[in-house]
Amino acid sequence: ENRDRASAAPASGQWGPRPVPWGGVVARTRACSSARRLVPTGLALIGTEVLYRWRVRLSPRRAAAARASVAAVVGGTPRESETARLAPRYAAAIARGWELTWRPWELARIPVHGLERLEAARAAGRGLIVSHAHLGPLAGWVPLVRMLRPMLFPQGDWLLEEPRPSYNGYQTEHWRKLYQDAGAEMMHHIGSAPLAYRTLRRGGSVLISMDVPGHRRTEFLGKPVDLDDGTARLATKSGALDRKSVV
């Protein structure tokens, strides 16, 4: 099935804007960027923090989902006993990240540290892999993509799926558009290795996730986990520079 999905993807990795089916007044209002200019970002983030912490505390379903997500990170570590306490903070952090993502003018202000190393890497003429983890705002890499454009950005199955008529549908399309407008060339991760290799060999840039399931036992966040080693293999094969980063 994955191979079928990958074969349906354009070789160039380019997708035009996709209309999101009407998801209702509430969903569309939540997904409105222009209206957010009426509320200062600092105040909006404080309100988001308070709202989502209380939503977790008042909803058993939301609390269970938040605890499960936190447990996946701290389970088997010395902080496992803090799962219940961290759950509301986790939910609030995800919501704050999305609040910033709906404010693209704020994303432009995210600082990019170590620019001198990026410039030196590009001057050397070698390809550059930016290996990132799923931490912080999901659109937090947009400023870096804009600096290194064009940048190949392999993605999962969601890239080929039609937006759903819901708030999540608006989220997905907005996130994808932010990266494409910044210069990301998206393609399905299945079958992306040859294009990534060619991109790096000619001195281009690739943005790739490092914290995805795989078969390489790795010490990560204080415990052994099985991660994919595609980043390392791609860097070794192409002679690219590997810049591991966390937002």
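Leaving aside neighbours within four places in sequence, which residues is Leu 207 in contact with? They are Val 130, His 132, Trp 141, Val 145, Met 151, Leu 152, Phe 153, Pro 154 and Tyr 179. The model is predicted.

**Nonpolar cores**
- The largest nonpolar core has 28 residues. Val 130, Ala 139, Val 145, Phe 153, Trp 175, Tyr 179 and Leu 207 touch the most other members.
- At least two residues of this core come from each of helix H7 (115–123), strand S1 (128–132), helix H8 (142–148), strand S2 (151–155), helix H9 (167–182) and strand S3 (184–188).
- H9 gives the most to this core: six residues.
- In soluble globular proteins, nonpolar side chains tend to be buried together.

**Aromatic pairs**
- The count of aromatic pairs comes to five.
- Phe 153 and Trp 175 form a tilted pair, because their ring planes meet at 45°, between the cut-offs of 30 and 60 degrees. Their ring centres are 5.9 Å apart.
- Phe 153 lies in strand S2 and Trp 175 in helix H9, so this pair ties together parts 22 residues apart in sequence.
- Both Phe 153 and Trp 175 are buried.
- Phe 153 also pairs with Tyr 179: the centres are 5.0 Å apart and the planes lie at 55°, so this pair is tilted.
- The link from Phe 153 in strand S2 to Tyr 179 in helix H9 joins distant parts of the chain, 26 residues apart.
- The relative accessible area is 2% for Phe 153 and 0% for Tyr 179. Both fall under the 20% cut-off, so both count as buried.
- Ring pairs also join Trp 98, Trp 102 and Tyr 167 into a cluster.

**Charges over rings**
- Arg 37 has its charged end over the ring of Trp 105, 3.9 Å from the centre.
- Arg 28 lies over the face of Tyr 170, at 5.1 Å from the ring centre.

**Helix H4**
- H4 (residues 60–74) has 15 residues, so at 1.5 Å a residue it should span 21 Å. Its end C-alpha atoms are 20 Å apart, which agrees.
- Ala 63, Ala 66, Val 70 and Val 74 are the buried residues of H4.
- Down the helix axis these buried residues fall within an arc of 70°, so they line one face of H4.
- Their cover includes helix H3 (41–58), helix H5 (83–101) and strand S6 (223–227).
- On the face turned away from the buried side, H4 carries the exposed residues Arg 61 and Ala 72.
- Gly 76 follows H4 and has a positive phi, near 80°.

Note on methods:
Residues are numbered from 1 along each chain as its sequence is written. Side-chain values use heavy atoms; hydrogens and water are left out. Helices (H or I, at least four residues) and strands (E, at least two) are DSSP runs, numbered from the N terminus. The expected span of a helix is 1.5 Å times one less than its number of residues. Buried means under 20% relative accessible area, exposed over 50%, partly exposed in between (1.4 Å probe, protein chains only). The arc is that of the directions from the helix axis to the C-beta atoms. Contact means heavy atoms within 4.5 Å. A nonpolar core is a set of buried Ala, Val, Leu, Ile, Met, Phe, Trp, Tyr and Cys residues joined through side-chain atoms within 4.5 Å. Rings of Phe, Tyr and Trp (its six-membered ring) pair if their centres lie within 6.5 Å; planes under 30 degrees apart count as stacked, over 60 as edge-to-face and the rest as tilted. A charge sits over a ring if NZ of Lys or CZ of Arg is within 6 Å of the ring centre and within 35 degrees of the ring normal.
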